Amino acid sequence: MNRLFSMAVLFPLVTTSVLAAGPETHENQPTTGEQAAALTKIQQTAPSEEQITPELKDAAAKLAAQECALCHGRSGQSISPTFPRLAGQRAEYIEAQLKAFRDATRKDPDAQAYMWGMASQLTDPIIEALGHYYEQLKPVAPNPVDSRQVAAGKEIFERGIPAQNVPACQTCHMAQAQGAGLFPRLAGQHAAYLVKQMNSFKNGLRVNPVMQPIMQSFTSEQMEQVATYLESLP
Ligand code: HEC
Ligand code: HEC
C-alpha cells in the first residue's frame with residue numbers, strides 16, 4: 001500500500017474518530033459514506049499473512065536473525081533504547097516505517113545513520129514479510145513499575161489533556177497500547193525511544209499529519225510521563 005495515499009485517506013478518518021471519541025468535549029461525528037469506503041479500501045489492500053509465500057517467510061526470518069537482530073535484538077526484543085523493540089509491533093505499521101526510511105521521509109539522525117541504508121536494500125514483498133514476522137513474535141512483559149510518573153502518564157494516555165487540546169492516545173493506539181494496523185503498538189517500548197519519537201514529531205524530523213499536531217503543545221515532562229507509563233505496559 002502506498003504510504004502517502006494511505007495517510008491521506010487515514011487522516012480524515014482518524015480525525016473523525018478522535019472527534020467522535022471525545023465523550024466530554026465533542027459532538028458525535030458520523031463517518032461519511034466516502035470515508036467508510038476508504039476504510040474498506042484500506043482493509044482490502046492490507047496484505048494478509050496468507051498472501052506471503054513460504055519462501056518469503058523464510059527469507060524474512062533469515063534476514064531478521066542475521067541483520068536486524070544486531071540492533072533490534074533476538075526475537076525483536078532489543079536491550080538498548082536507541083533501538084526500538086519490534087516484537088508484537090503491527091505488521092502494517094512496520095511496513096509503513098520501512099518505506100518511510102526507504103523514501104527518506106523519516107529523517108532523524110538515528111534513522112538516517114542506521115535505517116536508511118538498510119531499508120534501501122529491501123523490496124516491497126520482503127518488507128511485507130518482515131512486518132508479519134515481527135508481528136507474530138511475542139513481546140516479553142516488562143517489570144512492573146509503580147510511580148507518580150506512571151499514574152500521570154496513564155491519565156494522559158486514557159483521557160488526553162483537554163486544556164491543551166490533546167486527544168486521548170488510546171483512541172488510536174488502543175486501550176492497552178497494543179496498536180492496530182497503521183497505529184503502532186507502544187506497550188513495552190523503551191521510554192527513551194518513545195520520548196525521542198515524540199520530539200521528532202514535534203520538531204518535524206518525523207513527518208506525520210496525525211502525530212505532528214498532537215505533539216505541538218506537549219511538554220518534556222508530559223512526554224516523560226506518558227513514555228514511562230507505556231514502557232511499564234505488558
Ligand atoms: C545498525 C542498527 C540497525 C539495524 C541492523 C536495523 N535497524 Fe531498524 N532501527 C534502528 C534504529 C536506530 C531505529 C530508530 C530510528 C529512529 O530513532 O528514528 C530503527 C527503527 C526501525 C523501525 C521503526 C520502529 C518503530 O517503532 O517505529 C523498524 C520497523 C525497523 N527499524 C526495522 C528493521 C528491520 C526489519 C531491520 C533488518 C532488515 C532493521 N531494522 C535493522 C537500527 C537498526
Ligand atoms: C488520531 C490518532 C492518534 C492519536 C490520538 C495518537 N496517535 Fe500516536 N500515532 C498515530 C499514528 C498514525 C502513528 C504512526 C505515525 C507514522 O507512521 O509515522 C503514531 C505514532 C506514535 C508514536 C511513534 C511510535 C514508534 O514506534 O515510533 C508515538 C510515540 C506516539 N504515536 C505517541 C502518542 C501519544 C503519547 C498520544 C497521545 C497524547 C498519541 N500518540 C495519540 C496516531 C495517533
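**Entry 1: overall layout**

In what order do the elements of the protein chain run from the N terminus on? I read them off as α-α-α-α-α-α-α-α-α-α-α. The count is 11 helices and 0 strands. Helices (H or I, at least four residues) and strands (E, at least two) are DSSP runs, numbered from the N terminus.

I noted the conventions next. This is a predicted model, in which local features need pLDDT of at least 70 and side-chain atom pairs count only at pLDDT 80 or more, while totals for chains, interfaces and linings use all residues. Residues are numbered from 1 along each chain as its sequence is written, and chains are lettered from A and ligands numbered from 1 in the order in which they are written.

I then looked up burial for the chain. Buried residues are 32% of the 234 residues. A residue is buried if 20 or more other C-beta atoms lie within 10 Å of its own, exposed if 12 or fewer, and partly exposed in between, with C-beta atoms placed from the backbone.

Contacts came next. Of those in the protein chain between residues at least 6 apart in sequence, 70% join residues at least 24 apart. Two residues are in contact if their C-beta atoms, placed from the backbone, lie within 7 Å.

**Entry 2: confidence**

I checked pLDDT, the predictor's confidence in each residue, from 0 to 100. The protein chain averages 84, and 79% of the residues score at least 70. Helix α1 (residues 3–21) has the lowest confidence, with a mean of 42. Helix α8 (residues 170–173) has the highest, at 98. Over residues 1–45 pLDDT stays under 50. The model has 34 contacts beyond four places in sequence for that stretch. Where pLDDT is low, the predicted coordinates should not be read in detail.

**Entry 3: the shell around ligand 1**

I counted 22 residues around ligand 1. A residue is near a molecule or strand if its C-beta atom, placed from the backbone, lies within 6 Å of it. The closest are C68, C71, D110, A111 and Y114.

Which helix gives the most to this shell? It is α3, with 6 residues. At least two residues each come from α3 (54–72), α4 (91–102) and α5 (109–120).

By type, I found 15 nonpolar, 3 polar and 4 charged residues in the shell. Here Ala, Val, Leu, Ile, Met, Phe, Trp, Tyr, Cys and Pro count as nonpolar, Asp, Glu, Lys and Arg as charged, and the others, Gly among them, as polar.

**Entry 4: helix α3**

I compared the span of α3 with that of a straight helix. A straight helix of 19 residues would span 27 Å at 1.5 Å a residue. The end C-alpha atoms of α3 span only 23 Å. The expected span is 1.5 Å times one less than the number of residues.

Where does α3 bend? I found a bend of about 40° at A64. The bend at a residue is the angle between axes fitted to the seven residues ending there and the seven starting there.

A60, A64, C68 and H72 are the buried residues of α3. An α-helix has 3.6 residues a turn, so residues three or four places apart point the same way. What covers the buried residues of α3 includes α6 (124–135).

After α3 comes G73, with a positive phi near 85°. In the loop between α3 and α4 I looked up S75. S75 is not a glycine, yet its phi is positive, about 60°. It counts as partly exposed because it has 17 C-beta neighbours inside 10 Å.

A177 sits in the loop between α8 and α9 (191–203). Its phi is also positive, near 60°, in a residue other than glycine. Is A177 buried or exposed? With 21 C-beta neighbours inside 10 Å, A177 counts as buried.

I checked α9. Its 13 residues should span 18 Å at 1.5 Å a residue, and its end C-alpha atoms are 18 Å apart, which agrees. A191, L194, Q197, M198 and S200 are buried in α9. They pack against α10 and α11. Just after α9, G204 has a positive phi of about 85°.

T219 is in the loop between α10 (211–215) and α11. T219 counts as exposed because it has 10 C-beta neighbours inside 10 Å. Its C-alpha atom is 9.6 Å from that of N199, 20 residues apart along the chain.

Last, α11 (residues 220–231). Its 12 residues reach 16 Å from first C-alpha to last, close to the 16 Å expected at 1.5 Å a residue. Its buried residues include M223, V226 and L230. The buried residues of α11 pack against α7 (148–159) and α9.
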